[in-house]
Amino acid sequence: MSKKKPLVVVTRKLPAVVETRMRELFDARLNIDDTPMSQAALVEAVKTADVLVPTVTDRIDAKVIAQAGDQLRLIANFGNGVDNIDVASAVQRGITVTNTPGVLTDDTADMTIALILAVARRIAEGARVIPDDDWAGWSPTWMLGRRITGKRLGIVGMGRIGQAVARRAAAFGLSIHYHNRRRLDSRIEEKLDATYWDSLDQMLARMDIVSVNCPHTPATYHLLSARRLKLLKPDAILVNTARGEIVDETALARMLEAGELAGAGLDVYESEPAVNPRLLKLARQHRVVVLPHMGSATHEGRADMGEKVIVNIKTFMDGHKPPDRVLPSML
């Protein structure tokens, strides 16, 4: 007699190769039309599923977890960040939480460098000129941007992605500085030729470019507060490919409007999918580059994320500890 397959509820449409493999291995309930699930729908899902596979767009808070059925034993997040899940509440209920670390490192680091270049060299603005028929030809003083070679880059959060950004930035001739919850091993510091700042305030005041690459946790909410943003030099650039909640968006918009900051490149926002109207206005004025949370959006990255989710589910269902388990103490 064959063992019953676990019911796995997937909240969003995933790459076909991932969904096909899930159907082979599990009793997978897929989201064919990719409509985001409401909180009520998520509650219904946790009442019946053995495994829930949410994404960053799903808020699995304490209220949702409180209504989970006894059969729900695993929340296998399709994503690296788990700020969409109340991990402490889940663990308290005996529900294991996993994520997909590591596989998006290079994709997100690539996008960070792309945003630095886009803001400094006005690439997004320039890309619109010819299609909009606004180009009268080359001029020595037109569309002048800023050279990044020789500038100081301050990385906020020197984990996998921060270090990948540092490696790429070095190739562009940027001087690497960083602030992190814990200082890196001296050998890694030496390899990256990176200068550590135990004071985030002191680092911010001295950087030409600041890249946000730390996770969103209660401790990092508005880490770049209005006060800290004021420390940035007027000709500095801020780039955020981590989480929108880390930066005080309203304060950032106010500084850009006042010309107190040279520019910003954002791929994430505080109230996704809603974007601050002031930022949208600034984008139309070419004073900020805004992208639709596409830092990790590669075919390869999404397939790798799906594979990690499947491995986590399969390992857990086979009675072993999943490789990417997330604990409250890790956040």
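Contact, as the word is used in these legends, means heavy atoms within 4.5 Å. The model is predicted, so that local features need pLDDT of at least 70 and side-chain atom pairs count only at pLDDT 80 or more, while totals for chains, interfaces and linings use all residues. Residues are numbered from 1 along each chain as its sequence is written, and side-chain values use heavy atoms, with hydrogens and water left out.

**View 1. Val43 in helix α2.** Val43 belongs to helix α2, residues 39-48 (helices, H or I of at least four residues, and strands, E of at least two, are DSSP runs numbered from the N terminus). Val43 counts as buried because its relative accessibility is 11%; buried means under 20% relative accessible area, exposed over 50%, and partly exposed in between, with a 1.4 Å probe and protein chains only. Not counting residues up to four places away in sequence, Val43 touches Val64 and Gln67. Gly263 stands 220 residues from Val43 in sequence, and their C-alpha atoms are 41 Å apart in space.

**View 2. The largest nonpolar core.** This core has 31 residues, among which Val156, Val210, Val212, Leu224, Leu229, Leu238 and Leu252 touch the most other members; a nonpolar core is a set of buried Ala, Val, Leu, Ile, Met, Phe, Trp, Tyr and Cys residues joined through side-chain atoms within 4.5 Å. At least two residues of this core come from each of α9 (200-206), β9 (209-212), α11 (249-257), β11 (263-266) and α12 (277-284), and α11 gives the most, with 5 residues.

**View 3. The surroundings of Val210.** Leaving aside neighbours within four places in sequence, Val210 is in contact with Gly154, Val156, Leu204, Leu224, Leu232, Ile237, Leu238 and Val239. Ile237 is included in a second, separate core of 28 residues, together with Leu115, Ile116 and Ala120 among others.

**View 4. A nonpolar surface patch.** Val91, Leu327, Met330 and Leu331 make a nonpolar surface patch of about 310 Å². Patches are made of residues with over 30% relative accessible area and no salt bridge, with like charges joined within 9 Å and nonpolar side chains (Val, Leu, Ile, Met, Phe, Trp, Tyr) within 5 Å; a salt bridge is a side-chain nitrogen of Lys or Arg within 4 Å of a carboxyl oxygen of Asp or Glu. Met330 is placed in the segment after β13 (325-326), and Met330 counts as partly exposed because its relative accessibility is 47%.

Conventions
Accessible areas come from the Shrake-Rupley method with a 1.4 Å probe; for residues, only the protein chains shown count as cover.
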